[in-house]
Amino acid sequence: MRRLAASALGKLAWLGVDQAAAVAALAPVMRRDPHPQTRQYAVKALKAYGAAAWGCLHDLHDMARNTSLAEYLQRDAAAAAAFIEEAVRIATAAAVQHCQRCNVLVTADEYARAQQAFQRAFCDRCFDEVFLAYRYDAKFRIIGECQIQPDFYLPEVDVYIEY
Ligand SMILES: [Zn+2]
């Protein structure tokens with residue numbers, strides 16, 4: 001009966017059920033139901049909830065490594081953990097990101113570029129401004145010993161403007 005309930009909750013994942021409530025109901029069954037087959041059904045049902053089941057990842061990894069469990073339970077726990085991790089990765093990548101300076105929406109390309117350079121989310125316009133300031137600051141420190149204080153630095157052409 002619990003096995004059927006766990007299985008039914010997994011199928012409901014596609015029908016717009018309250019995902020957090022379903023995951024909360026399935027998690028204790030997955031962790032400690034006395035019947036391994038019932039745990040297996042709960043594992044498979046949690047897998048169907050994808051990223052919503054991220055809170056179960058730790059337990060699923062533990063089960064996957066636990067050699068005292070049935071082999072099929074370890075295998076299904078490992079498969080569920082991998083699937084949920086991939087779902088989390090996709091959901092994170094698709095999440096709407098805002099520029100941390102001007103708060104406009106940033107595209108995936110803008111986000112990737114700014115993340116790589118600054119580990120921050122910047123739109124291209126703010127990226128260029130921050131990058132210019134950053135380059136100016138780096139050059140200023142190097143040539144500061146020579147008492148040169150340029151008013152502007154143009155990184156594209158590596159030119160200092162002083163006036
Ligand atoms: Zn911006």
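This is a short tour of a predicted model, to be followed in a viewer.

**Whole chain.** Start with everything displayed and coloured by secondary structure. The chain has seven helices and four strands, arranged along the sequence as α-α-α-α-α-β-β-α-α-β-β. Of its 163 residues, 23% are buried. Among contacts with a separation of 6 or more, 45% join residues 24 or more positions apart.

**Helices H4 and H5.** Next, select residues 57–65, which form H4, and residues 71–94, which form H5. The two axes come within 7 Å and cross at roughly 145 degrees. The crossing of H4 past H5 is left-handed. To see the contact, show side chains on the H4 part: Leu57, Leu60, His61, Met63 and Ala64.

**Helix H6.** Move on to residues 108–118, which make up H6. Select Glu110, Tyr111 and Ala114; these residues of H6 are buried. They lie on the same side of H6, because the arc they cover around the axis is only 95 degrees.

**After H6.** Finish at Gln119, the residue that follows H6. Check its backbone here: phi of Gln119 is positive, near 55 degrees.

Notes
Residues numbered from 1 in each chain as written. Predicted model: local features only at pLDDT ≥ 70, side-chain atom pairs only at ≥ 80, totals over all residues. Axes fitted to C-alpha atoms, helices over the stretch in contact; angles between N-to-C directions. Helix = DSSP H or I, 4+ residues; strand = E, 2+ residues; numbered from the N terminus. Left-handed = near helix turned anticlockwise from the far one by under 90°. Contact = placed C-beta atoms within 7 Å. Buried ≥ 20, exposed ≤ 12 C-beta atoms within 10 Å, placed from the backbone. Arc of directions from axis to C-beta.
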